[in-house]
Amino acid sequence: MTTIVSSSELTSRAVQRRVEAGSSVICTACDQQVKFAAKQNRQQVIANVYLAGRWDRVEHYHAECYEEAGAPHGTPSEQVLSSRSRKS
Ligand SMILES: [Zn+2]
């Protein structure tokens with residue numbers, strides 16, 4: 001799985017995704033684990049942070065924490081995973 005990143009766009013940005021099973025990342029805003037919950041369709045925000053035009057780090061947030069923080073890395077775009085076609 002490779003994501004092609006346009007080199008002309010070296011600014012911080014965020015995407016919103018579903019929290020996946022086995023997730024063990026820590027929310028940057030509240031310091032709590034971003035946990036997968038089977039019955040809930042939890043959302044997380046993953047931000048690629050660029051400093052001075054260079055990639056610096058990835059930050060994870062609960063979707064609600066990211067909003068509360070005032071979307072520090074811009075409005076998250078929703079990433080559609082098109083390769084998943086699960087039946088049953
Ligand atoms: Zn949080």
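**Legends to the close-up views**

**Figure 1. Ala 52 lies in the loop between S2 and S3.** The model is predicted: local features need pLDDT of at least 70, side-chain atom pairs count only at pLDDT 80 or more, and totals for chains, interfaces and linings use all residues. Residues are numbered from 1 along each chain as its sequence is written. S2 covers residues 43–51 and S3 covers residues 54–62; helices (H or I, at least four residues) and strands (E, at least two) are DSSP runs, numbered from the N terminus. These two strands form a hairpin with two residues between them. Phi of Ala 52 is positive, near 50 degrees, and the residue is not a glycine. Ala 52 counts as exposed because it has 6 C-beta neighbours inside 10 Å. (A residue is buried if 20 or more other C-beta atoms lie within 10 Å of its own, exposed if 12 or fewer, and partly exposed in between; C-beta atoms are placed from the backbone.)

**Figure 2. S2 pairs with S3 in the antiparallel sense.** Eight bridges join the two strands; strands pair if DSSP finds at least two bridges between them. Tyr 50 stands opposite Trp 55 in S3. Ala 47 has Glu 59 as its bridge partner in S3.

**Figure 3. S1 is joined to S2 and to S4.** S1, residues 13–18, runs antiparallel to S2, with six bridges between them. The bridge partner of Arg 13 in S2 is Asn 48, while Ala 14 stands opposite Ala 47. On S4, the pairing with S1 is parallel and has two bridges. There, Val 15 stands opposite Ser 77.

**Figure 4. Four strands make an open sheet.** The order across the sheet is S3-S2-S1-S4, and the pairing is mixed. S3 and S4 (77–78) stand at the edges, each with a single partner strand, so one side of each has no neighbour in the sheet. Along the sequence the pattern is β-β-β-α-β.

**Figure 5. Asp 31 sits in the loop between S1 and S2.** Its phi is positive, about 70 degrees, although Asp 31 is not a glycine. Is Asp 31 buried or exposed? Asp 31 is exposed, because 8 other C-beta atoms lie within 10 Å.

**Figure 6. The largest nonpolar core has six residues.** They are Cys 27, Val 34, Val 45, Ala 47, Tyr 61 and Tyr 66. (A nonpolar core is a set of buried Ala, Val, Leu, Ile, Met, Phe, Trp, Tyr and Cys residues joined through C-beta atoms within 7 Å.) In soluble globular proteins, nonpolar side chains tend to be buried together. Ala 47, a member of this core, is also the residue opposite Ala 14. Of the 88 residues of the protein, 15% count as buried.

**Figure 7. Tyr 66 is in contact with residues elsewhere in the sequence.** Which residues does Tyr 66 contact, leaving aside its neighbours within four places in sequence? They are Ala 29, Val 45, Tyr 61, Ala 71 and Pro 76. (Two residues are in contact if their C-beta atoms, placed from the backbone, lie within 7 Å.) Val 45 and Tyr 61 belong, with Tyr 66, to the largest nonpolar core. Among contacts in the protein between residues at least 6 apart in sequence, 61% join residues at least 24 apart.
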